[in-house]
Amino acid sequence: MANLAKVVRRTNASPRPGTPPGGCAVAVSGRRKDSVIAMQYSRQYVVDLFRRWGYPQLADEASRDLPDPVDFDELQTWSLGHGLSHDDIVSHLGGSS
């Protein structure tokens, strides 16, 4: 398991392109060879995304069920249980699988 040595939070209102607003944390391993970056999103950011994507019912459930903050793996596991695939999530978040 990676040693998470540093957590950086971005909370400014107008983040850089590609950076989600509403609070994003990046956890970086302290070891240089096998660095791990774990994206975390605020629960409200995820709820707002589901609403924007046209899933108001999922947004309501996410606001009740998800922790705050939520990391990508937790979001993916929760979303898979609610009918969204890994590819759905990644494409909506602007990444590639």
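The side chains of tryptophan 78 and aspartate 65 are joined by a polar contact of 3.4 Å; such a contact is a pair of N or O atoms within 3.5 Å, where within protein one must be able to donate a hydrogen and the other to accept it, and residues adjacent in sequence count only if both atoms are side-chain atoms. The model is predicted, so local features need pLDDT of at least 70 and side-chain atom pairs count only at pLDDT 80 or more, while totals for chains, interfaces and linings use all residues. Residues are numbered from 1 along each chain as its sequence is written, and side-chain values use heavy atoms, with hydrogens and water left out.

**Chain overview**

- The chain holds 4 helices and 4 strands, which are DSSP runs (helices H or I, at least four residues; strands E, at least two) numbered from the N terminus.
- Along the sequence, these elements follow the pattern β-β-β-α-α-β-α-α.
- Of the chain's 97 residues, 30% count as buried, meaning under 20% relative accessible area with a 1.4 Å probe and protein chains only.
- Among contacts (heavy atoms within 4.5 Å) between residues at least 6 apart in sequence, 35% join residues at least 24 apart.

- Tryptophan 78 belongs to helix α3, which spans residues 72-80.
- With a relative accessible area of 12%, tryptophan 78 is buried.
- Leaving aside residues up to four places away in sequence, tryptophan 78 touches Phe50, Leu58, Glu61, Ala62, Asp65 and Leu66.
- Alanine 62 is 16 residues from tryptophan 78 in sequence, and their C-alpha atoms are 8.5 Å apart in space.

**Nonpolar core**

- The largest nonpolar core has 18 residues, and those with the most contacts inside it are Val46, Phe50, Ala62, Leu66, Val70, Leu75 and Trp78.
- Such a core is a set of buried Ala, Val, Leu, Ile, Met, Phe, Trp, Tyr and Cys residues joined through side-chain atoms within 4.5 Å.
- Two or more residues of this core come from each of α1 (43-52), α2 (56-65), α3 and α4 (86-93), and α1 gives the largest share, 5 residues.
- Valine 70 touches Met39, Gln40, Tyr41, Val46 and Leu75, not counting residues up to four places away in sequence.

**Packing of α1 and α2**

- Helices α1 and α2 pack at an angle of about 165°, with their axes 7 Å apart.
- This makes α1 roughly antiparallel to α2, a label for angles over 145 degrees.
- Arg43, Val47, Phe50 and Arg51 of α1 meet Pro56, Leu58, Ala59, Asp60, Ala62 and Ser63 of α2.

Technical notes:
Buried < 20%, exposed > 50% of the residue type's maximum accessible area, 1.4 Å probe, protein only. Axes fitted to C-alpha atoms, helices over the stretch in contact; angles between N-to-C directions. Parallel < 35°, antiparallel > 145°, perpendicular 65-115°, else oblique.
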